[in-house]
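Please keep the structure open beside the text while reading.

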Amino acid sequence: MAEKPVMVVGLDESEHSFYALEWSLNHFFVPFASNPPFKLLIVHARPLPSSVIALVGPATGEVLPLVESDLKKIAHRIAEKAKKICTSKSVTDFKVELIDGDARKVMCDVVEKHHASMLVVGSHGYGAFKRAVLGSVSDHCAHHAHCSVLIVKKPKIRH
């Protein structure tokens, strides 16, 4: 029997990425219960401490370990939340990987490493200017990942 294709879901701490995870579970895993069409790999790219702080000087050495500790705690919380969401939807066959590096590069590298068929990422809904300044993980992946990329947008609530 052929091995199932791999779906990679990229997570950060945003509600948009967790919405993308839930959307993926609801559409590709929950309806198929015991026989989903994909193997699920959930990936969080943990930024390097040096990319988070812009300090230079004698205090940098003291601050870096604190920043690194915070980034590890955030990554652990993201992984635990992802596990809780999956198990709450009775999805038990999945892996979570926490990988150090820039999210754009990490997601594309993971797709290559696992020969993924699909990459799912959330969209923050930034406009063109903010995307240009901050850099968009979803935009980068859509252009550079060697698989289909699904960008899940959280619907706007209308009042």
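A residue is called buried here when its relative accessible area is under 20%, exposed when that area is over 50%, and partly exposed in between. By that cut-off, phenylalanine 38 counts as buried, because its relative accessibility is 13%. The model under discussion is predicted, and in the protein as a whole 36% of the 159 residues count as buried.

## Overall arrangement

The protein has six helices and five strands, and along the sequence these elements follow the pattern β-α-β-α-α-β-α-β-α-α-β. Among contacts between residues at least 6 apart in sequence, 76% join residues that are at least 24 apart.

## Aromatic pairs

A pair of aromatic rings is described by the distance of the centres and the angle of the planes. A search of the whole structure finds two aromatic pairs, which are set out below.

| Pair | Centre to centre | Angle between planes | Class |
|---|---|---|---|
| Trp23 and Phe28 | 6.1 Å | 65° | edge-to-face |
| Phe28 and Phe38 | 5.6 Å | 85° | edge-to-face |

The planes of tryptophan 23 and phenylalanine 28 stand at 65°, so this pair is edge-to-face, given that angles over 60 degrees are classed in that way. In the pair of phenylalanine 28 and phenylalanine 38, the former lies in helix 1 and the latter in the loop between helix 1 and strand 2, so the pair ties together parts that are 10 residues apart in sequence. Trp23, Phe28 and Phe38 form one aromatic cluster.

In soluble globular proteins, nonpolar side chains tend to be buried together. The largest nonpolar core in this model has 21 residues, and those with the most contacts inside it are Met7, Leu11, Leu21, Leu25, Phe29, Leu40 and Ile42. Two or more residues each come from strand 1 (6–11), helix 1 (15–29), strand 2 (39–46), helix 3 (60–88) and strand 4 (118–123), and helix 1 gives the most, with six residues. Once residues up to four places away in sequence are left out, leucine 21 touches Val9, Leu11, Ile42, Ala82 and Ile85.

Isoleucine 78 is found in helix 3 and is buried, because its relative accessible area is 4%. Leaving aside neighbours within four places in sequence, isoleucine 78 is in contact with Leu11, Asp12, Glu13, Phe18 and His44. Isoleucine 78 and valine 96 are 18 residues apart in sequence, and their C-alpha atoms are 9.8 Å apart in space.

## Packing of helix 4 and helix 6

The axes of helix 4 (residues 103–114) and helix 6 (residues 137–144) come within 9 Å and cross at roughly 35°, and the crossing is right-handed. On the side of helix 4 the contact is made by Ala103, Arg104, Met107 and Cys108, and on the side of helix 6 by Val137, His140, Cys141 and His144.

Serine 138 is also found in helix 6, and at 11% relative accessibility this serine counts as buried. Not counting residues up to four places away in sequence, serine 138 touches Val121, Gly122 and Ile151.

## Positive phi values

Most residues other than glycine have a negative phi. Which phi does alanine 33 have? The phi of alanine 33 is near 35°, a positive value in a residue other than glycine. Alanine 33 is placed in the loop between helix 1 and strand 2 and is exposed, with a relative accessible area of 61%.

Serine 90 has a positive phi as well, of about 60°, although it is not a glycine. Serine 90 is found in the loop between helix 3 and strand 3 (94–100), and this residue is exposed, because its relative accessible area is 60%.

How values were computed: Residues are numbered from 1 along each chain as its sequence is written. This is a predicted model: local features need pLDDT of at least 70, side-chain atom pairs count only at pLDDT 80 or more; totals for chains, interfaces and linings use all residues. Side-chain values use heavy atoms; hydrogens and water are left out. A nonpolar core is a set of buried Ala, Val, Leu, Ile, Met, Phe, Trp, Tyr and Cys residues joined through side-chain atoms within 4.5 Å. Buried means under 20% relative accessible area, exposed over 50%, partly exposed in between (1.4 Å probe, protein chains only). Helices (H or I, at least four residues) and strands (E, at least two) are DSSP runs, numbered from the N terminus. Contact means heavy atoms within 4.5 Å. Rings of Phe, Tyr and Trp (its six-membered ring) pair if their centres lie within 6.5 Å; planes under 30 degrees apart count as stacked, over 60 as edge-to-face and the rest as tilted. Axes are lines fitted to C-alpha atoms, for helices over the stretch in contact, and angles run from 0 to 180 degrees between N-to-C directions. A crossing is left-handed if the near helix is turned anticlockwise from the far one by less than a right angle, and right-handed if clockwise.
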